[in-house]
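Biologist: Before we look together, I would like to learn how to read a model like this one feature by feature, with the general idea given ahead of each case.

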There are 2 protein chains.
Amino acid sequence: MKFTVNRTNFIKSLNDVQRAISSKTTIPILTGLKLTLAAQGLTLTGSNADISIETFISVDDDSAELQIEETGKIVLPARFFSEIIKKLPEAVLTINVTENYQTEITSGQASFTIKGLDADNYPHLPEIDETQHLSLTSDILKQIISQTVIAVSNQESRPILTGIHLVIKDEGLMAVATDSHRLSQRKITIDSGQNNAYDIIVPGKSLNELAKMLPDDSSDVELRISENQILFVFGNTSFYSRLLEGNYPDTERLIPQNSETTIEFNAVEFLSSIERASLLSHESHNNIVKLSLDVPEQKATIYSNSPEIGNVEETLKFQNLTGNTLEISFNPDYMKDALRSFGQTTVTVAFTKPLRPFTLVPSEDHEHFIQLITPVRTF
Amino acid sequence: MKFTVNRTNFIKSLNDVQRAISSKTTIPILTGLKLTLAAQGLTLTGSNADISIETFISVDDDSAELQIEETGKIVLPARFFSEIIKKLPEAVLTINVTENYQTEITSGQASFTIKGLDADNYPHLPEIDETQHLSLTSDILKQIISQTVIAVSNQESRPILTGIHLVIKDEGLMAVATDSHRLSQRKITIDSGQNNAYDIIVPGKSLNELAKMLPDDSSDVELRISENQILFVFGNTSFYSRLLEGNYPDTERLIPQNSETTIEFNAVEFLSSIERASLLSHESHNNIVKLSLDVPEQKATIYSNSPEIGNVEETLKFQNLTGNTLEISFNPDYMKDALRSFGQTTVTVAFTKPLRPFTLVPSEDHEHFIQLITPVRTF
């Protein structure tokens, strides 16, 4: 195998693929990066137990300056190879695999020789049926992930809760995650044009990595789903993730259908107040803040205290406080995550009772996005 | 004590003083920030065993918007206090010490109450004679520190080598540091106007912290030196450091007075080549690179290898290679530190023998700055 390529383009592909490569793996060859050079171009592959990423540099992409001298394939130590590439002196580099998988990397006057591995020993990527697929725009997919992944559990004791539950049917997509203390659910309508129905659970970590790679524009992302894998295709990149096996809990029944107290906050201002209150709660062993909503007085106040350090009290700005007067205590970190997911908007917070979960929705659209938080008993 | 102050100005002073405050201290009150409010303004003080920093906000500084209601003093938990101040909602804040050192911090609708400590229990700062002092410009002082601190030892086995040796006499200042593997020496002429002579050792860590605070301009820094302390005064800030006790080794005799091989490199290009070679040396147990200077062929080459990973070879660009042909091995990390301290310039590297220390000086000025590196025996 021998080729020359533009270094900047190559580094971009390398960085993408490296997201899937871990130095901590029980399969030594997976610490490597696989390069496959065919007449059409160069494929870079990285993989771990959960995700696999492939990017393709086409011989037709002028900016990549790919010059193929001899096709072939090799696996190279990923971390070290990437460090070398990033330090090379010139705008292009040449990679030449000689005998015994020895690989020469040259750029200008600098010449590295490193030991590669036989690419035939690299595991095969899953095969996914190409005939059926869905499409989403990249920015919407990123938003769905960022809004729901916050509620994913990081406890391996209930592995199913470390995933995001995706339900696709009747031209609708619902994404939901819960760690049993809070829940986040997002719905969109999709233009499927096909009669596909799916009910799958994708690891939150996989989707987090995917979101980092997706462009912030409305370009297309194709989703292909098999029994135990999901594949996202965008630009020259293919992103595979395994699916979690099992049944996701029925989350619909957790969401209260009515409320006894409602209030509206500017999400950004409310977030700042919660951040201040959490300074004190973080110094305390139970990490809670107390929200007091006095309907007759039309007053909303947040409190927190730490016996060792002191206390904080803040009168909040709000709109439309109605229903029953209420005092409720909750973990401010859950509230911060939830509020950040709303961005610059007004949120409606709806409560039933002090010990029952309460919900946050955008004031302008109660239907498509909901965050639920379970309060904390303080007496 | 009660005052109102502009939050942005207060945060700047707070950040400066916090450099001296550590949460790991054997004297609990030193985890605190001392505030002293007098008719002229507010003094913030932070201290640890090695350095103390004081900044002053004058009542005459309009941008600070300092409104004094009642003078006094208090010590507040520094880390926590600073987090609160940074999260406050409005452009100004009010601090009010009530009974039992309880301190109210208010800004807009947010109100914090935290427990303070009696400022009378805070240690006194060292007293330093105000009559004698030297002046340097801030940018020159920063440069001297950054050029020499790289050679300071971080091994506490010979504490004296963790400092920078400053010798001031005859209108000259010499700063030198060595960890016994390498040495860096910088000289400047100073316009003392006085007949001061000093021979002191300042902890490298203190000077590193000082350099981070010094402005990048030619404003004045005043140095005042007592038997066991040095004080740097700049802007509204006073920076105290203890001095190291003991005799610094005689470093003049370490610097070779002649050479058998010399070569000139562009410091930036040579640094890039060394960085590439060190990728391999870092994977090897002895971390060395080999430089080969072939005078008859007029060729300079750098090599490194790691038995597990591979090897690297690079032909270097250079000027004026003269003297004896030479092969020498050294720790590339020492060379990287040295080359970075030269910036964008041409350096002259002068060698005597493969196992004798070699030197780097700016090609344009051999007198005022010298870096020395001890090679490594490889046979």
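Biologist: How many of the 379 residues of chain A, as a percentage, count as buried?

Modeller: Buried means under 20% relative accessible area, exposed over 50%, and partly exposed in between, with a 1.4 Å probe and protein chains only; by that reading, 53% of the 379 residues of chain A are buried. This is a predicted model, in which local features need pLDDT of at least 70 and side-chain atom pairs count only at pLDDT 80 or more, while totals for chains, interfaces and linings use all residues. Residues are numbered from 1 along each chain as its sequence is written, chains are lettered from A and ligands numbered from 1 in the order in which they are written, and side-chain values use heavy atoms, with hydrogens and water left out.

Biologist: What does the UniProt annotation cover in chain A?

Modeller: UniProt positions are given in the numbering used here, feature names are shortened, and annotations may be inferred rather than shown by experiment. The unreviewed UniProt entry carries the annotation "domain: DNA polymerase III beta sliding clamp N-terminal" for residues 1–126 of chain A, and over those residues the chain is 17% helix and 44% strand, with the end C-alpha atoms 25 Å apart.

Biologist: Is Phe3(A) buried or exposed, and what does Phe3(A) touch?

Modeller: Phe3(A), in strand 1 (residues 2–6) of chain A, is buried, with a relative accessible area of 1%. Contact means heavy atoms within 4.5 Å; not counting residues up to four places away in sequence, Phe3(A) touches residues including Phe10(A), Leu37(A), Leu66(A) and Ile95(A). The C-alpha atoms of Phe3(A) and Leu37(A) are separated by 8.3 Å, although the two residues are 34 apart along the chain. Phe3(A) also forms one aromatic cluster with Phe10(A) and Phe81(A), where rings of Phe, Tyr and Trp (its six-membered ring) pair if their centres lie within 6.5 Å.

Biologist: Where does a charge sit over a ring?

Modeller: The rule asks that NZ of Lys or CZ of Arg be within 6 Å of the ring centre and within 35 degrees of the ring normal. The charged end of Lys290(A) sits over the ring of Tyr303(A), 4.8 Å from its centre, and Lys290(B) lies over the face of Tyr303(B), at 4.8 Å from the ring centre.

Biologist: What rotation superposes chain B on chain A?

Modeller: Copies are superposed by least squares on the C-alpha atoms of residues with pLDDT of at least 70 in both. A rotation of 180° with 0.0 Å of shift along its axis superposes chain B on chain A, with an RMSD of 0.0 Å; the two copies are therefore related as by a two-fold rotation axis. The same surface serves both copies, in that 100% of the contact residues of chain B recur in chain A.

Technical notes
Helices (H or I, at least four residues) and strands (E, at least two) are DSSP runs, numbered from the N terminus. Rings of Phe, Tyr and Trp (its six-membered ring) pair if their centres lie within 6.5 Å; planes under 30 degrees apart count as stacked, over 60 as edge-to-face and the rest as tilted.
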